[in-house]
Number of protein chains: 2
Amino acid sequence: MSKIGVLGTGMVGQAIASRLVGKGYEVCMGSRSAENEKAVAFAEKYGDLANNGTFADAALFADEIVFNCTNGHASITALELAGAENLKGKVIIDVANPLDFTNGMPPKLLFCNDSSLGEQIQNHFPDSMVVKSLNTMNCEIMLHPEGIPGDHNVFVCGNDSGARTKVSELLQEFGWKADNIIDLGDITAARGTEMLLPLWLRLFSKIGTVEFNFNIVRKP
Amino acid sequence: MSKIGVLGTGMVGQAIASRLVGKGYEVCMGSRSAENEKAVAFAEKYGDLANNGTFADAALFADEIVFNCTNGHASITALELAGAENLKGKVIIDVANPLDFTNGMPPKLLFCNDSSLGEQIQNHFPDSMVVKSLNTMNCEIMLHPEGIPGDHNVFVCGNDSGARTKVSELLQEFGWKADNIIDLGDITAARGTEMLLPLWLRLFSKIGTVEFNFNIVRKP
């Protein structure tokens, strides 16, 4: 079973890391400091499969896959701390959104329209295969799609088709039906999925719950 | 039955205008020139209920509702030709998207992140009630939602709740179920629905058809 790095100790990182351990993966949760309390607590709570360390430790630990679960505005910095050499040849699953809350609510996107966080990461780390996915929903739905009844979708995009396939397989382990995983092609499609965030945030405030997702309905 | 103005003679304007005539409304299709061939052809084809004229003629003709179906990059200019005085106190249903094709495909959004076409129109015409709607789907689905099976959504936003209600009622005449019309609140939500376009365009290219729509699936 492969070893996976998870960068970020927030709600999304915790949810993904614990789900991966539950699936039998060895996981290293990385943060700016090896003494990060939340990462230490994760490693203590989940036993032998769970580890913690710096961003660089987590990237080095991974044999194939590293999740970027850091805050979008700090993701490039976090990945630089992880180190291009440690990320080389690996798939970076970018779950983050480049939300800027400095001017209050609603947040703006730091990259938008002519770029995206996914593309920025790919540009900074050309020897890694960035796959943008899971950023269009709450983390419970990411990892337990059956929590929302019926069909609904997760998007996958990235320049390397092999990496997209690898991510799709992992998504299926999380419970996603193959038919509900939409392959959008190259990483420029991350603009579209990141630009979904303003609508997601408005829906959240109107519906009053994060427990919803988008389903693309087609004419048969 | 009320009189409705439709600004724009393209595919969307034609589809909306003919659907309105089919529902028994008197319609005036407006364009830059009163001699616009497509507007003249519309008036000839659809008989007594169908009229054509300038943008100003169409705005003046409307007793309550004017559809903006012009190209998003030219909408402000078209509405200025229609005239603030002719649009005063009326609901402008803004169906347009501010797509800029000057740098080829995929198009960029002219306004994005910190504004939207809907907001720009509302700012330019403070004595009108702008309601953004229907801009997130192909025009056949706008007017015949039953063409896509099951539930799927149309969004409505605008600063005037009475205007949003009026638009929702008209959408129901087009066949939209009340439960599938999502009221997003004020006009700043137009950022979210316009920013859906990059994903829509990518889905179109991947799915290979315009016959799809978004459905928001919730936990029961």
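Reply: In this predicted model, B:Ser133 has its place in strand E8 (residues 129-133) of chain B.

Me: Why is B:Ser133 called buried?

Reply: Buried means under 20% relative accessible area. B:Ser133 has 0% relative accessibility, so B:Ser133 counts as buried. Leaving aside residues up to four places away in sequence, the contacts of B:Ser133 include B:Asp94, B:Val95, B:Phe155 and B:Leu171.

Me: How do you know that A:Cys69 is in no disulfide?

Reply: A search of the whole structure finds 0 disulfides over all chains. The nearest cysteine sulfur to that of A:Cys69 belongs to A:Cys139 and is 9.3 Å away, whereas a disulfide needs the two sulfur atoms within 2.5 Å.

Me: What makes A:Cys69 and A:Cys112 buried?

Reply: The limit is under 20% relative accessible area. A:Cys69 has 11% and is therefore buried; A:Cys112 has 13% and is therefore buried.

Me: Why are strands E3 and E10 of chain A said to stand at the edges?

Reply: The open sheet of chain A has 8 strands in the order E3-E2-E1-E4-E5-E8-E9-E10, with mixed pairing. Strand E3 (50-54) and strand E10 (181-185) each have a single partner strand, so one side of each lacks a neighbour in the sheet.

Me: What makes E1 and E4 of chain A paired strands?

Reply: Pairing requires at least two bridges. Strand E1 (residues 3-7) and strand E4 (residues 65-68) of chain A run parallel and are joined by 4 bridges, so the two strands pair. Within this pair, A:Val6 stands opposite A:Phe67.

How values were computed: Residues numbered from 1 in each chain as written. Chains lettered and ligands numbered in written order. Predicted model: local features only at pLDDT ≥ 70, side-chain atom pairs only at ≥ 80, totals over all residues. Heavy atoms only, no water. Helix = DSSP H or I, 4+ residues; strand = E, 2+ residues; numbered from the N terminus. Buried < 20%, exposed > 50% of the residue type's maximum accessible area, 1.4 Å probe, protein only. Contact = heavy atoms within 4.5 Å.
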